[in-house]
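Please examine the sequence and the structure shown below. The briefing that follows is arranged by topic.

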Amino acid sequence: MSYLDLLTEDLIIKILDTTTNILKNEISKLEQKNEKLNEKIKPLSIGIGFNIDSDIPVRMISYDRVEYVMDKYLFDRAFEFDGMFQVHLKYDDDWDQIGNGKAYYGDILINPTCFDVLVEINKGINTTKDFSHRWLEHLDYQATPYGSKGFYIINPFLGS
């Protein structure tokens, strides 16, 4: 005789309904996360191209307006230590191609990957309207934490 034999049919139905509702909620949360991830990676393009001067294949990674040319893998940690980081892109009206750009201060990122920083830099380029400097070649950061929140400022090197 098992404990299930002691339960009434109404109680078993209640337990199964509760379990089903919990599973439906979990599935719904996963679907929402999946939709959010799909929106985030939609602008990502990864392919193989060839160097102009040779037949050597090179990887080509772009995210909307940014070309990723760093040696690190996209999903490697951007920096070698834990911390909070924020992308800052300065505004320069000499490079503003539309005329309504402004400086960009990105979201605070906790232990970001190169991909997280790439997404933020893309937002920054769209804000500063500097579409000429779009080749992400190197990431650097301000050595001491900034402000009361204690985050490091990311200074990307964007080539043209």
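**Salt bridges and their surroundings**

Glu120 is buried, with a relative accessible area of 3%. Here buried means under 20% relative accessible area, exposed means over 50%, and partly exposed lies in between (1.4 Å probe, protein chains only). The model is predicted, so local features need pLDDT of at least 70 and side-chain atom pairs count only at pLDDT 80 or more, while totals for chains, interfaces and linings use all residues. Residues are numbered from 1 along each chain as its sequence is written, and side-chain values use heavy atoms, with hydrogens and water left out.

*Paired charges*

- Side chains of opposite charge can pair when their charged atoms come close.
- A salt bridge is defined as a side-chain nitrogen of Lys or Arg within 4 Å of a carboxyl oxygen of Asp or Glu. The whole structure contains eight salt bridges.
- Glu120 forms one of them with Lys123, and their closest N and O atoms are 2.9 Å apart. Both residues belong to helix H2, three residues apart, which is about one turn of the helix. Helices (H or I, at least four residues) and strands (E, at least two) are DSSP runs, numbered from the N terminus.
- Lys123 is partly exposed, at 35% relative accessible area. Salt bridges with shared partners join Asp107, Glu120 and Lys123 into one network.
- Lys40 pairs with Asp116, with 3.4 Å between the closest N and O atoms. Because Lys40 lies in helix H1 (residues 9-41) and Asp116 in helix H2, this pair ties together parts that are 76 residues apart in sequence.
- Lys40 is partly exposed, at 33%, and Asp116 is also partly exposed, at 21%.
- Arg77 and Asp82 meet in a salt bridge through their side chains (2.6 Å, N to O). Arg77 is partly exposed, with a relative accessible area of 35%, whereas Asp82 is exposed, at 55%.

*Backbone angles in loops*

- Most residues other than glycine have a negative phi, and most peptide bonds are trans.
- Asn111 has a positive phi, near 45°, and is not a glycine. Asn111 lies in the loop between strand E5 (104-110) and H2, and is partly exposed at 26% relative accessibility.
- Lys129, also not a glycine, has a positive phi of about 65°. Lys129 is found in the loop between H2 and strand E6 (135-141), and is buried, with a relative accessible area of 17%.

*The largest pocket*

- The largest pocket holds about 410 Å³ of space. Its lining has 16 residues, of which His88, Leu89, Lys90, Tyr91 and Pro156 lie nearest the centre.
- Strand E4 (84-89), helix H2 (114-128) and strand E7 (152-159) are the elements that give two or more residues to this lining. E7 gives the most, with four residues.
- A pocket is an open set of points on a 1 Å grid over the protein atoms alone, where a 1.4 Å probe fits, with protein on both sides within 12 Å along at least five of seven lines; lining residues have an atom within 4 Å of a point. Grid points are joined across faces, edges and corners, and the volume is the space filled by probe spheres set on the points.

*A surface loop residue*

- Ile56 lies in the loop between strand E1 (44-50) and strand E2 (57-63). Ile56 is exposed, with a relative accessible area of 53%.
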